[in-house]
Amino acid sequence: MNNMEETLIPKIGVITDVRIDTPDIKTFRVVTPDGKKAFDHRPGQCAMLSIPGVGEAMFSITSSPTNTEYMEFSIKKCGCVTEWLHQAEVGQQITIRGPYGNPFPVDDVFAGKNLLFIAGGVGLAPLRSVINYCRHYRDRYGDIDIVYGSRSKDDLLDYKEIIEEWSQDAGVNVHLTIDNPQEGWDGHVGFVPNFVKELGFDTNKTAVLCGPPIMIKFTLEGLISLGFDKTQVYTTLELRMKCGVGKCGRCNVGSKYVCKDGPVFRCDELEELPDEY
Amino acid sequence: MRKVSLDSINKVFGKISESNKLYLPVDGSDGVAVYTEWSEGKEWSNALNTVRSPKDFFFPQVENLMEFKTSGKNIELVDIRDEKEDFVIFGVRACDVRSFDILDRVFLSDPVDSFYASRREHGIIVSVACSKPSETCFCTTFGIDATNPAGDVTAWKTEDSVYFKANTEKGEAFMKKIEDLTEECDDSAVTAQKEKIAKIMEKLPLANLSADAFGGGKTDTFFNAPEWDELSATCLGCGTCTFVCPTCQCYDIKDFNTGNGVIRYRCWDSCMYSEFTKMAHGNNRISQKERFRQRFMHKLVYYPENNEGIFGCVGCGRCLAKCPISMNIVKVMKKIGGNKSE
Amino acid sequence: MQKITQNQLVEKAVSLLTDGTVSAVLGWKKGEFDYDITPAVFKTADEIKENFVWNDFCGANFSKYLVAQAGKHEGKILVFLKPCDTYSFNQLLTEHRFDREKVYAVGIPCEGMADIAKVKELVGDGIVSIEADGDSLKVSTLYEDAPALVNAKDVMAERCVNCKSKKHVAYDELMGEDGIVLESNRFDEVARLEAMTPDERFAFWQNELSRCIRCNACRDACPACTCEKCVFDNPASSVENKAPANSFEEKMFHIIRAFHVAGRCTDCGECSRVCPQNIPLHLLNRKFIKDINEFYGEYQAGAEVGLRAPLVDYTTEDLEPGEVFDRGDKDA
Amino acid sequence: MQVKEYKPLIVAFCCNWCSYAGADLAGNNRLSYPADVKIIRVPCSCRVNPMFILRAFQRGADGVIICGCHPGDCHYTSGNYYTRRRMAALFSMLDFLGIEKERTRVEWVSAAEGAKFAATMNEFAETVASLGENKRLEDLRCKR
């Protein structure tokens, strides 16, 4: 028997809670069969979830590392693994391995800074982990601004948590927007990049950006027009992955492997990569 | 240094195979050499090299990783890794020996791939110096000495004898096993052989091919080169180059439902394939040009950037010989690097 | 050996490009050695003069490239077609895979292409140059002082030895003289296998197919394989795989590959030419062709545009599947 | 250890309009045929892709039989004529690869031919049984 540790061999996880967030996003709570958290992680890291016979895929861990009881994954239905997960019930076992990738630099770069989180759609999933981490250690950071937009009110992820917890915190400002006017919505209407420009943030902030590629592109442009430097902006990438440890070659962009060297990149680092992500 | 007459080489093979599985290039029914387990009657091929590289020994094309049994909502995971036995690969050429180093840097870097590592640990490599290089050879471009290959044991085959020199502890142990069949000798014959081959190497058509234009940090120089369009225009997008390549190491992990369980296995994959990077929300390399570029950029720029300047190519020439459209890394290097070997 | 010269083709290509008949040329581009020739799209007369090559190693069938290239360029693209390529050309037209209006096809005679593996078998490795010299090839190697003369017939690719036709079935313009449909022995090897016992045949194919590395070159080079999404690349098909996991998958891939082109395969032989493992894949295709000829009457895919392939056709009098074994007593 | 009696696993692709009804009739008339014949209902015999047949063998079938309406009686006018050509070509190819030709068969069974259905299945199962297990088109992974 070969007893070496092998990262490709996963642990068994159990889905203990399924929360319906939006029409196509569900949040799954996962623990090991003996009720513990599968492993520790840092904000922004990912895990490989799989269902034997269906496939394996990389998901960002949406719960904060400060949660020592379980992990959460907010997953949008878009492929075969996610579709299968969406019909899974509480008690279903899956496999889980990780954590993979580099986290957001919450303890060094972010420490003492004002933070600006900008997310679009399911892009809030990877940021939720950082936001809750920063809220947990509130005194280590300056002001926190959160700009979050989605297609409609129903598509806003973690809406309850945002309204009931985040926006109640001192020094945390939440700015929500939806793409099109909707009955029962009296907040801002419009796309995230424009909203960011309208809000006109001070450049004394470190920004963290996640969303669809097109949103990232225009929001970054918006931030730069506001005077932000690329070194102040972080984002997180997503590419197809199989191994999660920089060996299978799939997420290779330039000399970087998104699974191992990312998924968190500073925007000036991204610029050095060939335009292939 | 020890030697054995070529007539007695099968005795050496017989001796080794008493204790270990022994693989060596043997001519197949179609006359093409292929690594085959030695048994009485099998003859060591005279071919320069095999079509399929020896990377299979450490990184097989298909390898089962684990199994799952599912019942209701429950999953049981079965670790099927077993302890490997020592085996000998005999007759590996210098280029292929280097390819193991290149694979090592991927699979043995943290976190170590235990499947690869256990095979690597148990493999004993007996390399053999080239005596008749082909026009497609260009290992010298990457600083490989075909007359003096690395490996646990280095062998030289002359007209009438095979000479051995152990390089590692594993190699010493190997030599010990065949001590009775070999005799101590000086290295004059080997030196003469080396000199003779070195002269041929100088005359090879690709002898002056240089990779100096490439290396880490050159992404910007080459990534947007206009030549990629032309080079990739007729690429079929097949996986021949990848699968005959001794250093290509991309893989896929897949599940196979057997009807009474699930086998999770990995198999070679190719960055030349259209769905290599395809995911639910799209594909970041949409045309063959991008996929083609990825393969060569990885070998010539990205890999060296991450590995102290070592290129991800060993100049074995397999892709030169086997590409259906004869497009290959040499043509790419010359075109993109503006390097003419003449 | 080739009756038409490289210069003639270069002149033709340059003149058609210069007079605006075409805006691009699909042709053979010289490589590092005299035999590693790459299909290329030429855009300028200078490129053509410098790099266009025509010799005994220009085996690639350009028809399939028209699927991607026809219509990609302003105006027409010039394509040189050997007789066997014209059959693929017609077959692709039959299947509406490219726009005929965007192509200017020039038929060129072919005396058969050489197989570099056969050359190496005769003269050894280390080839530095190969020149045509009458009916011979003059091959210089690193290891012999004097070049070796080999008869071109002796190193001809299998598909050319058993050439089915020197007749061009499609072109806008023909260079040189047209040939005729030949009586070939291309089914002899199939017949030889048919005459074996099932056990022998099984052993034969097991040995051949076990070498498959599933590089997909046979499929990707095949002018009949032009599906936008191959069933073997489609994860939803549940047969998608990157590697032959075992002998079953090897067989399945090759049976299905050959079956998908049965009745549409023109027997151009590209599959076997490109196979890095020398698997005689053309025998599978020829088996289908031979069967179709015997069961449903002589049929040559691509002989004309618009022919209905035998497997998408029927008569009420067709033989029963069980009867296919009763012809002759080969297995009895 | 007791040796398990070998019973061949037969996959029968039956067209919805004739052969499946024929199988029904066989059942209604209490005509017996082996329990190891697994029927897969297809809309028409020409729905059977060669891949289905190979996959059946992969998954453990020892014999595969395709049953459709008699030529001329296809519910979709001509489907079974195409089946006839396709399967002729495929079976011949399987034979060419050395795979036992007795393992594959096409039979035309109408909705009224319950007796023929049962007889065909009995006879086919017997033929396949005499060949033994399918070894030449097996996938060892599925045999554990």
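**Notes on domains, chains and contacts**

1. In chain A, the centres of domain 1 and domain 2, taken over C-alpha atoms, are separated by 24 Å. Domain 1 of chain A covers 11-100 and domain 2 of chain A covers 114-236; please keep in mind throughout that this is a predicted model.

2. Where the two domains of chain A meet, 15 residues of domain 1 are in contact with 14 residues of domain 2. On the domain 1 side of chain A, β1 (11-22) and β5 (71-76) each supply at least two of the residues that touch domain 2. By class, that side of domain 1 of chain A divides into five nonpolar, eight polar and two charged residues.

3. Chain B has a secondary structure of 11 helices and 14 strands. The chain is as compact as a globular protein of its length, because its radius of gyration of 22 Å is close to the 20 Å that the globule rule gives for 342 residues. Along the principal axes, the C-alpha atoms of chain B fill a box of roughly 65 × 60 × 40 Å.

4. Of the 342 residues in chain B, 51% are buried. Among the contacts in chain B with a separation of 6 or more, 69% are between residues 24 or more positions apart.

5. What does the interface between chain B and chain C consist of, counted in residues in contact? Chain B brings 41 residues to it and chain C brings 32. On the chain B side, at least two residues each are supplied by several elements, including the helices α5 (188-203) and α11 (329-337) and the strands β11 (251-257) and β12 (262-268). The residues of chain B that touch chain C divide into 22 nonpolar, nine polar and 10 charged.

6. The contact between chain D and chain B takes four residues from chain D and five residues from chain B. On the chain D side, the classes are one nonpolar, no polar and three charged residues.

7. Within chain D, the axes of helix α1 (residues 19-28) and helix α4 (residues 114-131) come within 7 Å and cross at roughly 90 degrees, so α1(D) is roughly perpendicular to α4(D). The residues that meet are D:Ser19, D:Gly22, D:Ala23, D:Leu25 and D:Ala26 in α1(D), and D:Gly114, D:Phe117 and D:Ala118 in α4(D). This contact of α1(D) with α4(D) has five nonpolar, three polar and no charged residues.

8. Five residues from domain 1 of chain C and five residues from domain 2 of chain C make up the contact between them, and the residues on the domain 1 side divide into two nonpolar, one polar and two charged.

How values were computed: Residues are numbered from 1 along each chain as its sequence is written. Chains are lettered from A and ligands numbered from 1 in the order in which they are written. This is a predicted model: local features need pLDDT of at least 70, side-chain atom pairs count only at pLDDT 80 or more; totals for chains, interfaces and linings use all residues. Helices (H or I, at least four residues) and strands (E, at least two) are DSSP runs, numbered from the N terminus. The radius of gyration is taken over C-alpha atoms; the globule rule is 2.2 Å times the number of residues to the power 0.38. A residue is buried if 20 or more other C-beta atoms lie within 10 Å of its own, exposed if 12 or fewer, and partly exposed in between; C-beta atoms are placed from the backbone. Two residues are in contact if their C-beta atoms, placed from the backbone, lie within 7 Å. Domain bounds come from an automatic or database domain assignment. Ala, Val, Leu, Ile, Met, Phe, Trp, Tyr, Cys and Pro count as nonpolar, Asp, Glu, Lys and Arg as charged, and the others, Gly among them, as polar. Axes are lines fitted to C-alpha atoms, for helices over the stretch in contact, and angles run from 0 to 180 degrees between N-to-C directions. Angles under 35 degrees count as roughly parallel, over 145 as roughly antiparallel, 65 to 115 as roughly perpendicular and the rest as oblique.
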